[in-house]
Amino acid sequence: MTLEEIGGLVKRAEVASLGFLDEEGNPGVRKVFSTWHKGLGVHYISTNTSSMHVQALLKNDRACLYFDDCKTFEAVCFTGKAIVHFEREYKELLWNEGDERYYPGGVEDEDYCVVEFIAERGRYYRFDGKGDISGEELATFDRGAEMKNYA
């Protein structure tokens, strides 16, 4: 797969799987909405502050983010780190009409935060092969990329 094809996969994925390690070092996975992207290397997720994955990421920022398309049998898994943001600027950026059903307090809801996932490398597969994506390849591909919402 080319990086452009991987970008297409990420853009059309409705959800991603966020992998993390809990306090005891056990792996966990959660499905998350991840429609905001800055190239292939940076992804944004709005989520609940009280969720297990956020609480785990506050203690250990190592994570992975997995996008797939079961119909075409292709996927990419990025590994890297996750930063949890509580700042209003991030919350406003990802806020959508209707989000108040999840966060009744609106943008200021204490149970609303944004996870910024920063990929350090990746691995992709498709029916016709698999391969690795280095940090340098991600940085080169993302040079000049702007944050976009593909929802």
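**Note on the predicted model**

1. In helix H2 (residues 52-59), the buried residues include His53, Val54, Ala56 and Leu57. Together they span an arc of only 165° around the axis, so they sit on the same side of H2. The arc is taken from the directions that run from the helix axis to the C-beta atoms. Buried means under 20% relative accessible area, exposed means over 50%, and partly exposed is in between (1.4 Å probe, protein chains only). Helices (H or I, at least four residues) and strands (E, at least two) are DSSP runs, numbered from the N terminus.

2. On the source: this is a predicted model, in which local features need pLDDT of at least 70 and side-chain atom pairs count only at pLDDT 80 or more, while totals for chains, interfaces and linings use all residues. Residues are numbered from 1 along each chain as its sequence is written, and side-chain values use heavy atoms, with hydrogens and water left out.

3. What covers the buried residues of H2? The cover includes strand S1 (16-21), strand S2 (27-32) and strand S7 (112-126), along with S4, S5 and S6. Contact here means heavy atoms within 4.5 Å.

4. Ser46 belongs to strand S4 (residues 42-48). Its relative accessibility is 24%, so Ser46 counts as partly exposed. Apart from neighbours within four places in sequence, Ser46 is in contact with Phe33, Leu94, Tyr103, Tyr112, Cys113 and Val114. Ser134 is 88 residues from Ser46 in sequence, and their C-alpha atoms are 27 Å apart in space.

5. The whole structure holds seven aromatic pairs. One of them joins Phe67 and Phe78, with 6.4 Å centre to centre and 70° between the planes, which is edge-to-face. Phe67 lies in strand S5 (residues 62-69) and Phe78 in strand S6 (residues 74-85), so this pair ties together parts that are eleven residues apart in sequence. Both Phe67 and Phe78 are buried. For the cut-offs, rings of Phe, Tyr and Trp (its six-membered ring) pair if their centres lie within 6.5 Å; planes under 30 degrees apart count as stacked, over 60 as edge-to-face and the rest as tilted. Elsewhere, ring pairs link Trp95, Tyr102, Tyr103 and Tyr112 into a cluster.

6. How many salt bridges are there? The count comes to ten, where a salt bridge is a side-chain nitrogen of Lys or Arg within 4 Å of a carboxyl oxygen of Asp or Glu. In one of them, Asp69 pairs with Arg12, and the closest N and O atoms are 2.9 Å apart. Asp69 is in strand S5 and Arg12 in helix H1 (residues 3-12), so the bridge ties together parts that are 57 residues apart in sequence. Is Asp69 buried or exposed? Asp69 is buried, at a relative accessible area of 16%, whereas Arg12 is partly exposed at 40%. A network of salt bridges links Glu5, Arg12, Asp69, Glu74, Arg126 and Asp128.

7. Arg88 forms salt bridges with Glu92 and with Glu108. For Glu92 and Arg88, the closest N and O atoms are 2.4 Å apart. Both residues lie in helix H3 (residues 88-94), four residues apart, about one turn of the helix. Glu92 is partly exposed with a relative accessible area of 41%, and Arg88 is partly exposed with 42%. The bridge from Arg88 to Glu108 is 2.1 Å, N to O. That pair links distant parts of the chain, with Arg88 in helix H3 and Glu108 in the loop between H3 and S7, 20 residues apart.
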